[in-house]
Amino acid sequence: MNKMKYFFVALLIIAVASCSNDAAEPKGTLSVKLSDAPMHYNQFMSASVTIDKIEIGNTAHINSMISIMNTPMTYNLLELINGITATMANTEIPVGNYDLMRLYISSTEMVMTNGDLYTYNMEQDGYSGNGMMQNGMMLNANNRSIDMTLNNALTISEGGMTEFLLDMDVNESFMLEGVNFTGSGSNMMMSMTGFTFMPTMRLVDMSTSGTIHGIVRDAVENLPNATISLMHNGTLYTTTHSDGNGNYAFIGIPQGLYTIKVEIDGYILNPVGNEQNKHEINMISNDTLSINFNMMT
């Protein structure tokens with residue numbers, strides 16, 4: 001009996017020590033924000049995505065994922081443009097290196113300006129495409145989740161704060177079907193029969209990235225609905241559109257050399273006043289660049 005008693009006492013001591021170690025486990029804070037690389041949103045009122053859960057982990061320990069968000073939330077991506085973001089997660093996690101983020105997206109929805117509504121449910125219809133997707137993402141067909149492998153491991157340090165931006169490209173993610181245009185210019189209207197969903201996104205460490213912002217204007221006024229494209233190594237990196245006041249912004253732009261251009265119906269670049277945007281842009285960590293476009297008809 002005494003041996004049994006000592007055995008249970010030993011177990012109790014081990015359990016208490018284990019709890020004490022868990023409580024003392026060093027942690028840091030991870031914040032994940034959502035933004036959008038938009039489409040020509042003047043044809044749409046909303047393009048929404050419902051994210052049910054977000055996990056983070058390490059590819060070396062694939063079965064030890066940590067949940068950093070598990071309350072389903074719906075985000076209208078068309079509201080998250082020109083530097084506006086939505087915080088999806090802001091939580092403490094154990095210190096260490098993480099190189100895998102897993103998203104559970106259950107449904108998406110598009111509402112056109114004429115009120116037509118279209119939905120796409122991933123749990124019922126699956127994603128557009130199978131297996132490997134863009135930018136190193138992998139579709140897990142068994143649990144309808146998306147794995148994003150990070151090129152550079154996310155390091156959580158004790159007491160530190162790490163912020164990442166998840167930039168989802170609406171134009172590439174929402175694959176429109178049966179598109180038809182009527183009219184022209186400002187009177188042009190679009191119709192469609194539906195869409196499928198193929199997530200296209202990038203995950204950016206905000207501590208090693210910068211911001212580009214500016215105004216698109218002519219000699220009289222600032223110009224809305226211009227398409228501004230950012231190019232890297234000769235290929236399109238991301239796009240945005242000027243808002244109703246002619247303002248645009250790119251956030252979460254990693255270090256490197258870029259070129260930038262603008263397009264807007266009925267306008268061309270003015271030979272004068274565009275010296276900033278005619279050459280390569282050198283983005284460095286935490287830098288903010290102001291680049292305007294001077295247009296003419």
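Ser31 is buried, at 2% relative accessibility. Buried here means under 20% relative accessible area, exposed means over 50%, and partly exposed lies in between (1.4 Å probe, protein chains only). Ser31 sits in strand E1, which spans residues 27-37. Helices (H or I, at least four residues) and strands (E, at least two) are DSSP runs, numbered from the N terminus. Leaving aside residues up to four places away in sequence, Ser31 touches Thr87, Ala89, Asn90, Met161, Thr162, Glu163 and Phe164. Contact means heavy atoms within 4.5 Å.

The model is predicted: local features need pLDDT of at least 70, side-chain atom pairs count only at pLDDT 80 or more, and totals for chains, interfaces and linings use all residues. Residues are numbered from 1 along each chain as its sequence is written, and side-chain values use heavy atoms, with hydrogens and water left out.

The chain has 297 residues, and 46% of them are buried. Three helices and 24 strands were assigned. Among contacts with a separation of 6 or more, 71% join residues 24 or more positions apart. The accessible surface of the chain is about 15,200 Å². Carbon and sulfur atoms hold 51% of that surface. These areas come from the Shrake-Rupley method with a 1.4 Å probe; for residues, only the protein chains shown count as cover.

The largest nonpolar core has 47 residues. Such a core is a set of buried Ala, Val, Leu, Ile, Met, Phe, Trp, Tyr and Cys residues joined through side-chain atoms within 4.5 Å. Leu30, Ile105 and Phe197 have the most contacts inside the largest core. Residues up to four places away in sequence again set aside, Leu30 touches Ile56, Ile68, Ala89, Asn90, Thr91, Ile93, Leu154, Ile156, Thr162 and Phe164. Another core lies apart from the largest one and has 19 residues. Its members include Ile228, Ile253, Ile281 and Phe293.

Charged pairs were then searched for. The whole structure contains four salt bridges. A salt bridge is a side-chain nitrogen of Lys or Arg within 4 Å of a carboxyl oxygen of Asp or Glu. Lys53 and Glu55 form one of them, at 3.6 Å from N to O. Lys53 is partly exposed, at 27% relative accessibility. Glu55 is buried, with a relative accessible area of 10%.

Glu55 also pairs with Arg102, and their closest N and O atoms are 3.9 Å apart. This pair links distant parts of the chain. Glu55 belongs to strand E2 (residues 44-58) and Arg102 to strand E6 (residues 96-112), 47 residues apart. Both Glu55 and Arg102 are buried.

Arg102 has a further partner. Its side chain meets that of Asp147 in a salt bridge of 2.6 Å, N to O. Asp147 lies in strand E9 (residues 145-156), 45 residues from Arg102 in strand E6. Both Asp147 and Arg102 are buried. Through shared partners, Lys53, Glu55, Arg102 and Asp147 form one network of salt bridges.

On the surface, Val179, Phe181 and Met188 form a nonpolar patch. Together they have about 240 Å² of accessible area. Patches are made of residues with over 30% relative accessible area and no salt bridge; like charges are joined within 9 Å, and nonpolar side chains (Val, Leu, Ile, Met, Phe, Trp, Tyr) within 5 Å. Phe181 lies in strand E12, residues 180-182. Phe181 is partly exposed, at 44% relative accessibility.
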